[in-house]
Amino acid sequence: MMKLSTCSLQLSALTLALGLVLAGCAGDPLESGVDPFAPMIFKEGSTAMPLNPPNKSTLVPFYVSMTTTFKFAIDTDSILIGADGVTRYIVVLTSPNGSQQSQYEGIRCDSFQWRLYGTFDNGKWQENPLGSWKEIKRTVPNRYQAALAQGALCNLNTQEKNINSILQSLDPSKFTGGTQPTNSFGIQ
């Protein structure tokens, strides 16, 4: 009887020790295969098209460059700071002849890319099925994505998470997305 309970006690101790060893290895990157320093793989969340057209009362003009012939404004009601690292927004582009185009876009600060999700045509949003992530160009005349990213939506290469900071940055008198001359007022 004594041998059986000693054996049973030793077996229990061995099982406990083995359990502790295995539990200790679960968090070890070399054992688990999860490298905490590996770069994160981008996984974009789902994107629903806006339900409404741009709100004219919440359009805020922003300066892009002296070489552009277009005027640009962002609908501040449309700005969505996504948990996936994408900031989505409605932008209104106005040509020199006054025609306007509204687009629903997203910016990734970590990779300095933008994506066109859709356009507002004939009173409704049309999804862009071929939309893909593209590099934000800093040196083209109509570099409005670069101006938005650098002036309001990004903190260097990190997404700005505070909507109040974004709205303050978009104030036309404080916007730093481009060098603003004193005669630039955006959309009139």
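**The nonpolar core**

Modeller: Of the 26 residues in the largest nonpolar core, F62, I74, Y89, I107, L148 and L170 touch the most other members. A nonpolar core here is a set of buried Ala, Val, Leu, Ile, Met, Phe, Trp, Tyr and Cys residues joined through side-chain atoms within 4.5 Å. Buried means under 20% relative accessible area, exposed over 50%, partly exposed in between (1.4 Å probe, protein chains only). Two or more residues each come from β1 (59–62), β2 (71–81), β3 (86–94), β5 and α3 (144–153). Helices (H or I, at least four residues) and strands (E, at least two) are DSSP runs, numbered from the N terminus. Helix α3 gives the largest share of this core, seven residues.

Now take F62. Setting aside neighbours within four places in sequence, F62 is in contact (heavy atoms within 4.5 Å) with F72, A73, I74, V91, Y144, A147, L148 and F175. There is also a second, separate core of seven residues, with V86, Y104, Y117 and W133 among them. In soluble globular proteins, nonpolar side chains tend to be buried together.

A word on the basis. This is a predicted model, so local features need pLDDT of at least 70 and side-chain atom pairs count only at pLDDT 80 or more, while totals for chains, interfaces and linings use all residues. Residues are numbered from 1 along each chain as its sequence is written, and side-chain values use heavy atoms, with hydrogens and water left out.
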